[in-house]
Amino acid sequence: DPDPDPDTFERTLAADERVEPRDWMPDAYRATLVRQIAQHAHSEIIGMQPEANWITRAPSLRRKAILIAKVQDEAGHGLYLYGAAETLGVAREELLDALHEGRQRYSSIFNYPTLTWADVGAIGWLVDGAAITNQVPLCRCSYGPYARAMVRICKEESFHQRQGYELLLALAKGTDAQRAMAQDAVDRWWWPSLMMFGPPDAESPHTRQSMAWKIKRHSNDELRQRFVDICVPQAETLGLTLPDPALRWNEERGHFDHGPIDWAEFKAVLRGAGPCNEQRIGQRRRAHAEGAWVREAAAAYARKQRDRRPA
Ligand code: ACO
């Protein structure tokens, strides 16, 4: 471990430079990053489940190929992020154990079911749209490996967002039944998407410190507002309605006002009482157990290659 050097750490932050793995950093800074990056990584891999649900039922070969690629991208995002977390001195196995034992979180959003094909579009438009809004500022996070991982992730997320929007647009311009299916999906995903940004600023225990450390660049409410402002005109173009009668332009603030968010629902989902919490974590644990032989085989192969190399 490097010698404690709080001055260099503070100077790095003040100059908007990056903290790198070998630099000294406060224990609490390291712990906050491990928590956030692990939660982010877990979200990426748990997030594969709701959409994978539709791969076998995609309505055309083109849609199926796109969806497979997208779900595969999410696995890749998980890998970059577990890699970034490992630079902080934690092992991937530890993080996965923490997920499986309920000691670390994943995003609330992935505890909702995907009931129809239109949900794949609504997830791309709203869920990936919210993810990008939250993640673009993370490209400027003070911790180098996390910031760099976010650059590529954001590029891929932009593609995901556009495929969702294009899918919903096709449904919205389709038959009455298709339009109704698209509207129903937007009705169900809108509010949970707003909850992705986390609790209101006044009830967010970590925001102040994380912003001081330049891990977070904006507060939860600021990013939520930015997302609402982006979505309203996009919904108009789609010809779909956002399920909030209180949504209206506020000339004075220069933003859209929105109705109250059901924070009791958010808290219930975080407690494990969302519609799909048990199913998601159960599936993850099963997949991990069933993949044990792959991990063993990969480790055995790596050992063999290493032993073969001349010393
Ligand atoms: N789902 C689950 N847990 C959440 C969510 C959410 N949507 N929002 C906040 N929380 C948790 C926090 O992890 C924290 O947990 P703790 O009490 O166990 O420490 C608690 O609620 C309080 O929240 P905050 O103080 O606001 O926490 P934080 O400063 O970490 O902000 C945020 C939360 C905005 C989600 C932040 O961690 C972040 O930007 N993370 C990176 C992005 C990310 O994880 N995206 C994943 C979903 S997108 C995708 O994968 C496609």
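**Charged side chains in the predicted model**

Being 4 residues apart in helix H8 (residues 176-195), Arg-188 and Asp-184 are separated by about one helical turn. In this predicted model, their side chains meet in a salt bridge, with an N to O distance of 3.0 Å. A search of the whole structure finds 16 salt bridges; selected cases are set out below.

**Pair within helix H8**

- In general terms, side chains of opposite charge can pair when their charged atoms come close.

- Lys-214 and Asp-16 form a salt bridge through their side chains, at 3.6 Å from N to O.
- Lys-214 lies in the loop between helix H9 (207-212) and helix H10 (220-238), and Asp-16 lies in the loop between H1 and helix H2 (27-46), so this pair ties together parts that are 198 residues apart in sequence.
- Lys-214 is partly exposed, at 21% relative accessibility.
- Asp-16 is likewise partly exposed, with a relative accessible area of 41%.

**Pair between two helices**

- The side chains of Glu-166 and Arg-63 meet in a salt bridge with an N to O distance of 2.9 Å.
- Distant parts of the chain are linked by this pair: Glu-166 belongs to helix H7 (residues 144-172) and Arg-63 to helix H4 (residues 61-86), 103 residues apart.
- Glu-166 counts as partly exposed at 33% relative accessibility, whereas Arg-63 counts as buried at 12%.
- The assignment of Arg-63 follows from the cut-off, because 12% falls under the 20% limit for a buried residue.

**Salt-bridge network**

- A network of salt bridges links four residues, namely Glu-51, Lys-70, Glu-74 and Asp-128.

**Negative surface patch**

- Asp-3, Asp-5, Asp-7, Glu-10 and Asp-23 form a negative surface patch.
- One of these residues, Asp-5, is located in the segment before helix H1 (6-14).
- Asp-5 has a relative accessibility of 31% and therefore counts as partly exposed.

How values were computed
Residues are numbered from 1 along each chain as its sequence is written. This is a predicted model: local features need pLDDT of at least 70, side-chain atom pairs count only at pLDDT 80 or more; totals for chains, interfaces and linings use all residues. Side-chain values use heavy atoms; hydrogens and water are left out. Patches are made of residues with over 30% relative accessible area and no salt bridge: like charges are joined within 9 Å, nonpolar side chains (Val, Leu, Ile, Met, Phe, Trp, Tyr) within 5 Å. Accessible areas come from the Shrake-Rupley method with a 1.4 Å probe; for residues, only the protein chains shown count as cover. Lys and Arg count as positive and Asp and Glu as negative; His and the chain ends are not counted. The place of a charge is taken as NZ of Lys, CZ of Arg, CG of Asp or CD of Glu. Buried means under 20% relative accessible area, exposed over 50%, partly exposed in between (1.4 Å probe, protein chains only).
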